Amino acid sequence: MSVDKNTRIDWLRQMYTGRAFEEMAEKLYALGKIHGTMHLSMGMEASAVGTIAAIKEGDYILGTHRGHTQLVAYGADLNRMMAEFMGKAAGYCRGRGGSMHIADVPGGYLGAQGIVGGNIPLSVGVGLTIRNRKTDQICVCFFGDGAANEGAFHESLNMAAIWKLPIVFVCENNQYGMSMNIKNAMAIDQISDRAASYGMPGITVDGNDVMAVYEAVGEAIKRARAGEGPSLVENNTYRWRGHSKSDANRYRTKEEIAKWMKKDPIARFQGQMIKEGVLTQAEADQIATDAKEAIESAVKFADASPEPDVSTILEGVYVE
Amino acid sequence: MRELTFLEAIREAMVQEMRRDESVFLIGEDIGVYGGAFGVSLGMLDEFGPERVIDTPISELGIGGAITGAAMTGMRPIGEIMFMDFMTLALDQLVNQAAKLRFMFGGTTKVPFMMRAPIGSGAGAAAQHSQSLENWYVHVPGLKVVMPTTPYDAKGLLIASIRDDNPVIFFEPKLLYKKAKGPVPEELYEIPLGVADVKRKGKDVSIIATGMMVPRSLEAAEALAEEGLDIVVIDPRTLRPLDEETIVKSVMKTGRVLIVHEACKTGGYGGELAAVIAESQAFDYLDAPIVRLAGKDIPIPYNRTLEYNAVPQVENIVAEARKLAKGNV
């Protein structure tokens, strides 16, 4: 599959922007500007960007709690993302959701999730809506390796398969469900092997290779649009940071983290492009700088945005 | 007016709404050829086909997710759960997803589904097929909870629930399916959610009853009428939102209130009703303590006699209402 230069530069930009968002998130947390927690996806950017690169306008995305780069790749407004992250009124959810629940439902991004695996059953309903409308839309449903051990995974993949719903299940396998290594959480080597038990194709790809992710998800989307049903794509990757802010990394070694940091999906993709001669180091540096500046400007926007008015606290529970 | 059973009224409401609105579909276990465990959807598959009367595997969580995801993206699904006891398997989707998505996403989405399930004991099905856990759902902001007790109310409330833009949990007292029969208009009509109905007027005691306790309270009131007592019976019909005004007004008139529900007493809906009354201006009009008559704090037993004694029956209601009326509380 060949992808033109400008598209690939866009992917690089998205990965840098997702990374910059999360570096800033850590900084803001350290400064005491953020309360609560956050789940960082640093090191996993190729999985989010490669997956979302394969969808088109009108498709649906169900995200995860580790979803900042998924949102960036979707094209979320950075100002509104940062404002939500900081709990401000101008945020995507008017400050009600925070890092874990950023959503743009009218645009098709059906929300980031705080319940591990809680979004997988939703995909079945989205699939039924598409079937009812008889459009060629599809739904991409992200989840992690931990969610693959929830009952929700089993019920949903089975239902999607029997009804041949246009869903691509994308498992971002970052090796750990909080502290538990997948080797202790399941007796098989690949989560994609489970696809066979639902009668759908399953594939495991190098989730730090944005092109490999794009190609695998693209194939699955092609099947889904053609009415051939769902697929399971497992992106093998790794999160550099802890599960959340409370994580002291007691369950893994510095060596292991260092080994995976050498497989940085951004450096890798950028290196390939420079080697191929489609990108110069100077251009790459500029992309990185632009990404940081875009995030800094989003912080300025969010800082200037007002807190939600307490008098609005009851709004949005019900449609009146 | 022609008469329908409770079950027929529910089916007619679903059928007529599905004819009217393409976005409405029914999804659940064994609702197709089988017609549902109680026969509520019998014949609907023939009219609407398998894409609108969708038989699912035994996957209650999946059903909860399917109706939530479909509702978020523009449909108005009706999920059927075979027994309300099995809704516990779908709780994540109902409580963490459906009820919260709109608020959590800043009002940018809505989840217009309804989930229907039979509720209550009396059918000899023991502890895992006989519960009344309605108050679990009442406690969750974002959900609406409806429990009709007559065929007329069932049709009108069901239509209103389908058309409501919020997730509505709709409990059907299973003993009423074939036993309750009454006049039901042939045309479509809505009974607004959040409006109670005074099923019987009176002046001596206000009985606030839900579900199966409504027909039992009406029977008790008739028995007490022979003793010269004039009992009010109010059916909230919608547990959330609650029509507080109708209840408060009645208590101000009678000064005596008996709350009757089938669910276990501890943590049951009666506590909420009692608190609403105690916090209202009706408090000053009370001539006796608020009395709750509820299910015993036990799982529903299998044995017929034990099961009968686990929840309020007509004679229990008669006794409590009489005591209250005569100032013996």
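**A walk through the model**

A:Gln175 is buried, since its relative accessible area is 12% (buried means under 20% relative accessible area, exposed over 50% and partly exposed in between, with a 1.4 Å probe and protein chains only). This is a predicted model, in which local features need pLDDT of at least 70 and side-chain atom pairs count only at pLDDT 80 or more, while totals for chains, interfaces and linings use all residues. Residues are numbered from 1 along each chain as its sequence is written, chains are lettered from A and ligands numbered from 1 in the order in which they are written, and side-chain values use heavy atoms, with hydrogens and water left out.

A:Gln175 sits in the loop between strand 3 (167-173) and strand 4 (176-177) of chain A, where helices (H or I, at least four residues) and strands (E, at least two) are DSSP runs numbered from the N terminus. Although A:Gln175 is not a glycine, its phi is positive, at about 80°. A:Asn249, also not a glycine, has a positive phi of about 55°, and this residue belongs to the loop between strand 7 (231-236) and helix 9 (254-261) of chain A. Most residues other than glycine have a negative phi, and most peptide bonds are trans. In chain B, the peptide bond from B:Arg240 to B:Pro241 is cis, with omega near 0°, and B:Pro241 lies in the loop between strand 12 (238-240) and helix 10 (244-254) of chain B.

How do the helices pack? In chain A, helix 1 (residues 5-30) and helix 8 (residues 210-225) pack at an angle of about 110°, with their axes 12 Å apart; axes are lines fitted to C-alpha atoms, for helices over the stretch in contact, and angles run from 0 to 180 degrees between N-to-C directions. Helix 1 of chain A and helix 8 of chain A are therefore roughly perpendicular to each other (65 to 115 degrees, whereas angles under 35 count as roughly parallel, over 145 as roughly antiparallel and the rest as oblique). Here A:Arg8, A:Trp11 and A:Met15 of helix 1 of chain A meet A:Val210, A:Met211 and A:Tyr214 of helix 8 of chain A, contact meaning heavy atoms within 4.5 Å.

In chain B, the axes of helix 1 (residues 6-20) and helix 7 (residues 151-163) come within 8 Å and cross at roughly 30°, so helix 1 of chain B and helix 7 of chain B are roughly parallel to each other. Helix 7 of chain B also holds B:Ser161, which counts as buried at 0% relative accessibility.

Rings of Phe, Tyr and Trp (its six-membered ring) pair if their centres lie within 6.5 Å, and planes under 30 degrees apart count as stacked, over 60 as edge-to-face and the rest as tilted. The structure holds 15 aromatic pairs over all chains. The rings of B:Phe38 and B:Phe83 form an edge-to-face pair, because their planes stand at 65°, with the centres 5.4 Å apart. B:Phe38 counts as partly exposed at 23% relative accessibility, whereas B:Phe83 counts as buried at 11%. With B:Tyr177, B:Phe38 makes a tilted pair, the centres being 5.2 Å apart and the planes at 45°. B:Tyr177 counts as buried at 3% relative accessibility.
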